[in-house]
Amino acid sequence: MNIAIYCGSCSGNKEIHEEKVKELITYLANQGHSIIYGGSDIGIMGVVASTAISCGAEVTGVELEMFNNMGLSKAGLAHYYVAKTFAERRNKMIELADAFIALPGGIGTLDEISEVICYAPLYFPDKKIILYNIDHFYDLLNDFFIHMRDEGFLKDSTYNKCHFLSSLDEFKEFF
C-alpha cells in the first residue's frame, strides 16, 4: 500500500513525537508499505524519510520547487517529484496514495489532511484517513470536529472517516 504521510518540517518540542514516528514508520516499512511524503530532509519529514529508507521501504518525495532549490530535499528517495505550488504538491500526493496519515505538524500538515478529509467522501471513500494522536497532539482537533458535527456542519459519514489513533497497536488494526 502507498501511504501518504503528512508531517512537520520542524521537529517539535517533545522527543516522544520523533520516537513514535520512528516506531510507526519502521512498522509500516516492515509491513511492506511504501511511503509518500513532502520530500524534505528536515524536521519530522526527515525522520520519516530516513527511517523508511533505513528499513528498506520505497520512499517517494513530493517537494515544492522553492524548497528543492534551497537544497532541502532528501537524498536516496526511490521517486522524487517537484511541484510548483502547494496545490500541485497536495494533488500529487493524493493521486499516489492509497491511505493518508497525519503526524504532528503545523499549519501545512493541517492544510494537507484537511483537504483529504474534505474530498474523501466524494472522490476516494475507501481510503483510510488517520491522524496519529501522539501524546494527545490531535485531541483539540478531534474535539473541534465533534463540535462541528454536533452543530450540524460536519456529517457523521465524514467524521467517521477520520481515525484518531494513539498507539502502534491501534495502527496494527488498520495495516
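Which residues point one way from strand 2 and which the other way, and are they buried or exposed? I looked along strand 2 (residues 34-37): S34 and I36 point one way, I35 and Y37 the other way, and all are buried. I took buried as under 20% relative accessible area, exposed as over 50% and partly exposed as in between, with a 1.4 Å probe and protein chains only.

A note on the model: it is predicted, so local features need pLDDT of at least 70 and side-chain atom pairs pLDDT 80 or more, while totals for chains, interfaces and linings use all residues. Residues are numbered from 1 along each chain as its sequence is written, and side-chain values use heavy atoms, leaving out hydrogens and water.

Next I checked the neighbours of strand 2. Helices (H or I, at least four residues) and strands (E, at least two) are DSSP runs, numbered from the N terminus, and two strands pair if DSSP finds at least two bridges between them. Strand 1 (residues 2-6) runs parallel to strand 2, joined by three bridges, and I3 has I35 as its bridge partner. Right-handed here means that, with the strands pointing away from the viewer, the path from the first strand over the helix to the second runs clockwise.

Then I turned to strand 3 (residues 59-64), which is also parallel to strand 2 and joined to it by three bridges. Y37 stands opposite G61 there. With helix 2 (residues 43-54), strands 2 and 3 form a right-handed β-α-β unit.

Last, I looked up Y123 in helix 5 (residues 107-123). I log Y123 as exposed because its relative accessibility is 60%.
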